[in-house]
Amino acid sequence: MSTSTAGEEILQFAPLQSFVSPTFWHKLAEIKLDLDRLDDKPRLIAGYYTNRNAKSCLLEVDYTAFNGDFKAPKFCFQAHGIIFNKNTIEEFKTCDKNALLKEQGLKLLKDIQSDAVLDDPSLLARFFILSFADLKDHNYYYWFAFPCPLTSTLSVESPVVKLSNHSKFATIKQILNACSLQETQQNFFVLHAAEGQQKCISLKAFIEDFKETVDLDNVYFCFADNSEHEYPSWLMRIYVAFVLYKCNSLVGKTLQFLGLRFDNHMSPDLSLLWQVKQSQVCNFEDVDQLKFVGWELNKNQKPQPRLVSMRESMDPLLLTENSINLNLKLMKWRLLPELNLDTIANTKCLLFGAGTLGCAVSRMLLGWGFKHITFIDNGKVGLANPVRQYLYTFEDAVKGNVMKADAAAACMKKINPGTISTGHVMQIPMPGHTVGNSLRAQTENDLKKLKELVQEHDVMFLLTDSRESRWLPTLLGAAYGKIVINSALGFDSYVVQRHGATRPTEPQMDMAKQHIEIENLKCIPGQRLGCYFCNDVTAPGNSLKDRTLDQQCTVTRPGVSNLAASYAVELLVSILQHPLKEMAPAYYATSRSLAAAMDSPTKTPEGILGIIPHSIRGSLSNFENMLPATEKFVQCIACSEQILNEFRKQDNEFLFKVFESAKFLEDLTGISDYKDLKNEIIEFDDSDMDLSDD
């Protein structure tokens, strides 16, 4: 309380204090990244306060503030809010705070004048937040305001009285216990204590039936008071302004306001009663002259915004997850709104090979937000590995017994703890690599595990360092209908290729999307694209036999593997974002003149990330890429129907025949007949071949 110069006591109000749960900032960050992005339009929110064991006049917000069907917790009342989350710190600083406060105050006034408050008294409890979310450093700048029109002071006509000491305590307590008002009406209502009229009525009922002859000695304007002090909550200030605006004949009369405060047993004994009077009429018509107050003071009792850092309070794993995904989600703000990050995060990738290519591909996958990465490799980390295979360290190499698959999976989790990564140490059985009786049982176990892994994953990367080691994964990928991305390296060249789709075509799929006739371009539907072995007329043999060291190792320029890995992962992402996925067709120029194709009235069809080629062949000697496309070879020794059918019929027995001799594949598919041609010359002219200068 304070005293005026004339000696009358002026009623003071306890300012509302904001309390922001950390979950509120987590939810705001999620909404900003995934929904609002660059849109800084105001967003409706909700808060709540309680008058049960109330402390510090708190108004709280948490993650539920953004719910469209917000419901306040038990023993709490809803407050209506709005958040203005700016895109930059400069916009936050330069925002006209006074204009914003008046704008929101006028909205409150409109609800008072339109009788919206009579239908929902909780509209008197208003707040808004001006904020800026620094999502990179996890700092949040904010300023709460609780708008209220600046009205005349209230004089205190008699000392504040605790309800338990009031002469009508028993009557009022009995009426409160028998109150039958709806929950939404219990934050602001009117209590009649006159003999024979003892009841609680809603604000709407009181205002509509108001008469100037009402017995004010027995009328109590009740409100949920979240103050713990001898002066009432800020909410009473707004309540008084509403009552005197609706019933202006009460100006100059003594009114009784009962701030309801409950203890743990929901007893109102601690409630306080104020008898107040306002001498001047509330003039809400002159909008230009009307002023509003309500900006919250900071901890130093100054009208300034606050700053909260969530870096330490957030779960480190969640903090890491949000930071890693920040770049990806920013793509959706402006560049790629249609980008489906959930598809990427849920795609399970199986990497055959954890060497130079495997390390590079796995890092690229992490960069795109892939969560499930599995390695298959049977090699150990050597001293020559860490400089090129950057999932391994010198410490791994000197131990001499660290398996690449295990070390690679462990490194994935160190880089991103949210990654689900495992390593499997096993030999990939290969054509022409005979399996002896002593190894048959182990090979059968490896085959069983390989089949299980392929079926559990969505995508396969073929990244091994020999041709024959890619045969079995190619076969399994085709047999189980998986997306297969192949990448191979030369000294200064590389090839990246997607294998043709083999999963059953969905009946509802629009086949027209798979084949579009375009002048100077040939289209190959996704299910007719060839695999890594489709261009060969020989089966893979033992490439390590009778080879010198430089022929056994993959000798490449250091930059080649990174280029190939990048193209391999980018090709996969483009496939996943295409409506047809791996069924997406590939196009290539049918004329020697690339200009003729480029002058075509319709350009190559694209997904949201651009074209989706069948293969990419690049060379560092001239820094060029070519984009050839080839159809499936009906006698392919890896993906042809004849091979797949034999595998489905005989399973492991078929595989062991292949491991015994690669010639079995040539005889089965009939490509061994090509050898009978020996040195015969076959002449072609340009009309017999489709050439691409891409």
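**View 1. Arg 440, Glu 444 and Glu 653 are linked in a network of salt bridges.** A salt bridge here is a side-chain nitrogen of Lys or Arg within 4 Å of a carboxyl oxygen of Asp or Glu. Side chains of opposite charge can pair when their charged atoms come close. By this rule, the count is 18 salt bridges. The model is predicted: local features need pLDDT of at least 70, side-chain atom pairs count only at pLDDT 80 or more, and totals for chains, interfaces and linings use all residues. Residues are numbered from 1 along each chain as its sequence is written, and side-chain values use heavy atoms, with hydrogens and water left out.

**View 2. Asp 651 and Lys 451 join their side chains in a salt bridge.** The N to O distance is 2.5 Å. Asp 651 sits in the loop between helix 18 (641-650) and helix 19 (652-660), while Lys 451 belongs to helix 13 (residues 437-456), so the pair ties together parts that are 200 residues apart in sequence. Helices (H or I, at least four residues) and strands (E, at least two) are DSSP runs, numbered from the N terminus. Asp 651 is partly exposed, at 32% relative accessible area. Lys 451 is buried, at 11%. Buried means under 20% relative accessible area, exposed means over 50%, and partly exposed lies in between (1.4 Å probe, protein chains only).

**View 3. Glu 582 forms a salt bridge with Arg 503.** Their closest N and O atoms are 2.5 Å apart. Glu 582 lies in the loop between helix 16 (558-577) and strand 24 (586-589), and Arg 503 in the loop between strand 22 (493-498) and strand 23 (521-524), so the pair ties together parts that are 79 residues apart in sequence. Glu 582 is buried, with 9% relative accessibility.

View 4. Asp 36 is buried at 17% relative accessibility. Arg 43 is partly exposed at 26%. Arg 37 is found in the loop between helix 1 (22-36) and strand 4 (43-50). Most residues other than glycine have a negative phi. Arg 37 counts as buried, at 16% relative accessibility.

**View 5. Gln 301 also has a positive phi, although it is not a glycine.** The angle is about 60 degrees. Gln 301 lies in the loop between strand 15 (292-295) and strand 16 (306-309). This residue is exposed, with a relative accessible area of 56%.

**View 6. Strand 10 and strand 11 pair in the antiparallel sense.** Strand 10 covers residues 188-192 and strand 11 covers residues 199-202. Four bridges join them; two strands pair if DSSP finds at least two bridges between them. His 192 stands opposite Lys 199 in strand 11. The hairpin has six residues between the strands, and Gly 196 takes a positive phi near 85 degrees there.

**View 7. Leu 383, Phe 394 and Val 398 form a nonpolar patch on the surface.** Together they have about 340 Å² of accessible area, computed by the Shrake-Rupley method with a 1.4 Å probe; for residues, only the protein chains shown count as cover. Patches are made of residues with over 30% relative accessible area and no salt bridge: like charges are joined within 9 Å, nonpolar side chains (Val, Leu, Ile, Met, Phe, Trp, Tyr) within 5 Å. Val 398 lies in helix 11 (residues 394-399). Val 398 is partly exposed, at 48% relative accessibility.

**View 8. Ala 409 is a buried residue of helix 12.** The helix spans residues 404-415. The relative accessibility of Ala 409 is 7%. Ala 409 touches Phe 375, Ser 421, Thr 422 and Gly 423, not counting residues up to four places away in sequence. Contact means heavy atoms within 4.5 Å. The C-alpha atoms of Ala 409 and Thr 419 are separated by 9.1 Å, with the two residues ten apart along the chain.

**View 9. Cys 349 and Cys 523 are both buried.** Cys 349 has a relative accessible area of 0%. Cys 523 has 7%. The structure holds zero disulfides, a disulfide being a pair of cysteine sulfur atoms within 2.5 Å.
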